[in-house]
Amino acid sequence: MNIRNFDTEIQALYEEVLTTRSSMSNSYINACNRFIKRAKQADDISLLGCAHYFLADAYYLLSTDYRKFNSNLLKAIEILQDCGENEYLARCYNLIGIDSLNHGNPELALDFFLSGKRSCEGMDSEVSGFIDFNIGQIYYDSGDPKQALNYIRSAYKLIRKNKKDSLYYRNIIFCYCFEADCYMGMDKPDSVKKCLLAIDKLEENHKASRDFINGITATDIRTRAYHYLGDMVSFQRYASRLLTLIQNDKHPLDNMEDIFIMCRFFIKIGWIDEAVRIVDNAERSLADFNIAHLKKDYAKLKCELYECLGDQKKKYLALDEFFKASNDEEKERLSNYRFFTDIRNKLYDIEKENIVLQKQASTDSLTGLGNRYGLNKFADAAFEKAFDLKRSLAVEILDIDNFKQYNDTYGHQAGDECLTKIASIIHDLTKDNELVHAFRYGGDEFVIIYESMTDREVMEYATMLRQSVVDLKLLSKYSEKGIVTISQGIRNSVPAETTKLWDYMYAADNALYQVKEHTKGEIIMLHKAVISQKSLDDATHL
């Protein structure tokens, strides 16, 4: 959705939503409600879906009103799945995945997150980074900090690409905090120090909001990290700040897990009185959420606390609370599982529809091969992978010799039949090799990309293709051989960092031109982008 396609009033409202989101202002919810009202007036379904997503996000970030979060998220999903607005649908996948985690359904959450990543494919969007962050959380909670770290590094890399995001600095801080947690779990103090230095450096940046830098998440990690490192002066400073933050007010859903972690940390280091105050304060926030999974975790935390205090009466009351919450969680789990799977099924239907549409958009209707759009989309990833792995990549351009005269003489129907037969040969030769990918570039030109293959392997494919076309024995009075032939130009080399598809296409096209100028029906392979007589003399001819 391009907001610039709407009138100035809608653009101004959208900017207000992003601004209030960035500052985590309480007026974020109000701005979203006005945005929804204006989207309804504009009668634009994609705008309305976007507005409901932001309102769900606002309730998640700022409020304890879980019901309104849930209802607005569901509305957003239902609308966005109909209009095919993939970026915001991916954001919804991410939020519904987080919601699944909050309800104790990590398996469903992972499914939502992976679906969100599929929705992000081909987009220049940081949403995939948010999703990687949350997948990392699943691995961390399952006791695998090393794998969690891999995901958080991926998240950081993706989030860094878009500094214009309204919560850019908050997300970067969260990445540093999560990294530090992983490194503590892996017992790597030097790496923990680097994460703390990164947070300190970000604190010096005037663009980074003080609310994020001094918020619960960053203060918690600083408290625990400095204690882990044995820096008791810094630990005392941040612990004091953390206790003030926790006891000030009710907290949004996003902070509850952090608060449980803090409480267990204080129990571990013997700060029992502080842990008691945290437990008492957290109960006010939990009462608003009415999420059995959180209440069960809270009851378990109280059992641990009262065990340390030796208060058997309160411990037994907490055990009774834990038992009731466990029963409620089981009922809630079944109810929510039906709710989440119903959403999942609806989203699956739109996924299937989108796959069909994407296939249509990237497939040539006549030949069934990839089209130019599909080529460009595939080539970007192929070149990046080849550069990273330092492996060769070959691009072949081929065309049908004298095709224009063939088409003019035998008619367009015969020309289309010729194209489809040659495309069928290309498809048959490439379908069983995942390293070879074919596309129709336009007219009678085809492009084949070979990944991680030697000159010899590429030339074997090219030669088989040439011979298979000859074996068709399609009559053509304009060919020296009296039958349809093809000419082929290839460039094969390891890409440089700045090398793109165009560089290879330029060399392969020039090689093809040399074939046309001399003897049609041949193959020339080059290894350089610059075409010179020497490079042609050195080239592989067949």
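Glu9 and Arg38 join their side chains in a salt bridge, with N and O 3.2 Å apart. A salt bridge here is a side-chain nitrogen of Lys or Arg within 4 Å of a carboxyl oxygen of Asp or Glu. The two partners sit in distant parts of the chain: Glu9 is in helix H1 and Arg38 is in helix H2, 29 residues apart. Helices (H or I, at least four residues) and strands (E, at least two) are DSSP runs, numbered from the N terminus.

Before going on, a word on the numbers. This is a predicted model, where local features need pLDDT of at least 70 and side-chain atom pairs count only at pLDDT 80 or more, while totals for chains, interfaces and linings use all residues. Residues are numbered from 1 along each chain as its sequence is written, and side-chain values use heavy atoms, with hydrogens and water left out.

## Charges that meet

Back to Arg38, which has another partner. Asp7 also meets Arg38 in a salt bridge, at 2.8 Å from N to O. Asp7 is in the segment before helix H1 (8-22), whereas Arg38 belongs to helix H2 (residues 27-42), and 31 residues separate the pair. Put together, Asp7, Glu9 and Arg38 make up a network of salt bridges.

Is Arg38 buried or exposed? With 13% relative accessibility, Arg38 counts as buried, because buried means under 20% relative accessible area, exposed over 50%, and partly exposed in between (1.4 Å probe, protein chains only). Its two partners are partly exposed: Asp7 has a relative accessible area of 35%, and Glu9 comes in at 46%.

Elsewhere, Glu304 and Arg264 form a salt bridge whose closest N and O atoms are 2.9 Å apart. Glu304 lies in helix H16 (residues 292-309) and Arg264 in helix H14 (residues 256-268), so this pair ties together parts that are 40 residues apart in sequence. Both ends are partly exposed, Glu304 at 27% relative accessibility and Arg264 at 29%.

How many salt bridges does the structure hold? The count is 21.

## Rings that meet

Now for the aromatic side chains: the structure holds 23 aromatic pairs. Rings of Phe, Tyr and Trp (its six-membered ring) pair if their centres lie within 6.5 Å; planes under 30 degrees apart count as stacked, over 60 as edge-to-face and the rest as tilted. Here are two of them.

| Pair | Centre to centre | Angle between planes | Arrangement |
|---|---|---|---|
| Phe383 and Tyr504 | 5.0 Å | 85 degrees | edge-to-face |
| Tyr406 and Tyr410 | 4.7 Å | 45 degrees | tilted |

Tyr406 is buried at 8% relative accessibility, while Tyr410 is partly exposed at 36%.

Some rings gather in a group: Tyr14, Phe35, Tyr53, Phe54 and Tyr88 form one aromatic cluster.

## Charges over rings

A charge sits over a ring if NZ of Lys or CZ of Arg is within 6 Å of the ring centre and within 35 degrees of the ring normal. Lys390 likewise lies over the face of Phe387, at 3.7 Å from the ring centre.
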